[in-house]
Amino acid sequence: MEKERKYRLIAQNRKAHHDYFIKETFQAGIELFGMEVKSLRAGRCNLADSHVDVRNREAFVVNMHISPYDHANIHQKDPMRRRRLLLHRHEINRLIGAVTREGFTIVPLKIYFTGSLVKLDIALVKGKKQYDKRHDIAKRDARRETEKEFKIKNL
């Protein structure tokens, strides 16, 4: 019987679901320094405008902002620095193939704690056109209306 692990959400990229079609998701570890982990425990992270870059068979998350820890010494790391992702070789090869051949982009979806480890969910995505976004908004509004009518009839 597999033990179910609980996780605590730190930050989420909500705009990714609005701007992209999500094809496949991966769970990656992330290489951090001690003060960055303390800052994440305080919930001080922003995933907006961040993306994953694959170079030299290594994956890096770029533009993820982790605010400096308040009670740390003066030797703090840059809050916007590139951070290495910990993925298996076959996962990195799959990401490289999807980005180069099929034109996908890699975007972080959420960052969270699993036990004492920091994990980052990344996704292979394709960009949505404006009409796709409008179609999704119309579907969501229609679903809300039907739920509202159903709720009124049941009362």
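Helices here are DSSP runs of H or I with at least four residues, strands are runs of E with at least two, and both are numbered from the N terminus. This is a predicted model, in which local features need pLDDT of at least 70 and side-chain atom pairs count only at pLDDT 80 or more, while totals for chains, interfaces and linings use all residues. Residues are numbered from 1 along each chain as its sequence is written, and side-chain values use heavy atoms, with hydrogens and water left out.

Q: In what order do the elements of the protein run from the N terminus on?
A: Let's start with the inventory: the protein has four helices and nine strands. From the N terminus on, their order is β-α-β-α-β-β-β-β-β-α-β-β-α.

Q: Which strand holds Asn46, and is the residue buried or exposed, or partly exposed?
A: Asn46 lies in strand E3, residues 45-46. Buried means under 20% relative accessible area and exposed over 50%, with partly exposed in between (1.4 Å probe, protein chains only).

Q: Which backbone nitrogen does the side chain of Asn46 reach?
A: Contact means heavy atoms within 4.5 Å, and, setting aside residues up to four places away in sequence, Asn46 touches Asn63, Met64 and His65. A polar contact is a pair of N or O atoms within 3.5 Å; within protein, one must be able to donate a hydrogen and the other to accept it, and residues adjacent in sequence count only if both atoms are side-chain atoms. At 3.0 Å, the side chain of Asn46 reaches the backbone nitrogen of Ala48.

Q: Why does Lys133 count as buried?
A: Lys133 sits in helix H4, residues 130-154. Beyond its neighbours within four places in sequence, Lys133 is in contact with His18, Asp19 and Lys128. Lys133 is buried because its relative accessible area is 17%.
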